[in-house]
Amino acid sequence: TREKFKAKHEEEVKVATLGQYIAAVEKLGTLNPDTLHDYSRRARQIAGEMLGLPNTKSKFDYVNGGQEAWRRKVDGFKLSDITPARIDVWKKCYVQKAGSDPAKRKSAERTANSCIRSAKALFGRRIIKHLSGVSLPEEIPFRETEYFRQSASRYRSQINIEKLIAAAEAELKEAVPEQYKIFILAIFVGLRRKEIDMLPWSAFDWEKSIIRIRATEHYELKSESSADDVPVEPEIMALFRAFYEDADGEEFV
């Protein structure tokens, strides 16, 4: 009766490895590519360390095939092997590598929490419920994983910002102006790295002394709330106006 009358469903694909799952999520297309890259990178990092793969420069060597070989081993890791017990062992080992220094151990705990948070998000319910034709293990990887408990700590800057700005002006402004622009946009305007990298000159409103952060054909906002008009000090606008006049029709700052 089922064979004859029930609607035909897409044949289930048994996703047994981390690489296959990441490919399925990528195909789904619900995550921003940068977000997916970050989540996948963290999940692969944990999997690689679980497998005991050496953490050497070769895993970043995309020219001679080191990166591909490392990725192939990690992507072949079975999802059913990413169990809460193994993740707990990974957590403890990760912190133990920091040694006995309390500050370094706390820093390692924060980094481990960040890795787990991203890996957890990769296997989030909102993603999984949209994955058709994908079979997962009973224990969803990272779902039951707990974070290291972190006490609230207040950041106290030890940077002398006035000295840093003076050094940037002396060392970068004339010698490497592109680096100087990056420094100024980060320090005085508070733009993120990618916002700076993809910032077009058209974002500058010279009369209103603002920089408009908008989605463009080259830059996708992280969220709708990321769009904003950022007020800029007149001295900074004057600096960039001078850069603009020397830009000779360049599209990007």
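**Salt bridges, packing and a patch**

Mentor: A search of the whole structure finds 12 salt bridges. A salt bridge here is a side-chain nitrogen of Lys or Arg within 4 Å of a carboxyl oxygen of Asp or Glu.
Trainee: Before we go on, what are the ground rules?
Mentor: This is a predicted model, with local features needing pLDDT of at least 70 and side-chain atom pairs counting only at pLDDT 80 or more, while totals for chains, interfaces and linings use all residues. Residues are numbered from 1 along each chain as its sequence is written, and side-chain values use heavy atoms, with hydrogens and water left out.
Trainee: OK. What does Glu 68 pair with in a salt bridge?
Mentor: Arg 72, at 3.6 Å from N to O. Both sit in helix α4, residues 66-75, four residues apart, so about one helical turn separates them. Helices are DSSP runs of H or I with at least four residues, strands are E runs of at least two, and numbering starts at the N terminus.
Trainee: Is Glu 68 buried or exposed?
Mentor: Glu 68 is exposed, with a relative accessible area of 54%. Arg 72 is exposed too, also at 54%. Buried means under 20% relative accessible area, exposed means over 50%, and partly exposed is in between (1.4 Å probe, protein chains only).
Trainee: And which residue does Asp 88 bridge to?
Mentor: Lys 91, with the closest N and O atoms 3.9 Å apart. They are three residues apart in helix α5, so again the separation is about one helical turn. Asp 88 is partly exposed at 34%, whereas Lys 91 is buried at 9%.
Trainee: How far apart are the closest N and O atoms of Glu 169 and Lys 173?
Mentor: They are 4.0 Å apart, and the pair forms a salt bridge. Glu 169 is partly exposed at 41%. Lys 173 is partly exposed at 27%.
Trainee: Which residues are linked in a network?
Mentor: Asp 205, Arg 212, Arg 214 and Asp 229 are linked by salt bridges.
Trainee: Switching to helices. At what angle do α3 and α5 pack?
Mentor: About 85°, with the axes 10 Å apart; α3 covers residues 33-50 and α5 covers 84-96. So α3 is roughly perpendicular to α5. Axes are lines fitted to C-alpha atoms, for helices over the stretch in contact, and angles run from 0 to 180 degrees between N-to-C directions. Under 35 degrees counts as roughly parallel, over 145 as roughly antiparallel, 65 to 115 as roughly perpendicular, and the rest as oblique.
Trainee: Which residues make the contact?
Mentor: From α3, Gln 45, Ile 46, Glu 49 and Met 50. From α5, Arg 86, Ile 87, Trp 90 and Tyr 94. Contact means heavy atoms within 4.5 Å.
Trainee: What makes up the nonpolar surface patch?
Mentor: Tyr 155, Ile 159, Ile 161, Leu 164, Ile 187 and Phe 188, about 580 Å² in all. Patch residues have over 30% relative accessible area and no salt bridge; nonpolar side chains (Val, Leu, Ile, Met, Phe, Trp, Tyr) are joined within 5 Å, like charges within 9 Å. Areas come from the Shrake-Rupley method with a 1.4 Å probe, and for residues only the protein chains shown count as cover.
Trainee: Last one. Where is Met 198?
Mentor: In the loop between α10 (193-197) and β3 (204-205). Met 198 is partly exposed at 24%. Leaving out residues up to four places away in sequence, Met 198 touches His 218, Tyr 219 and Phe 252.
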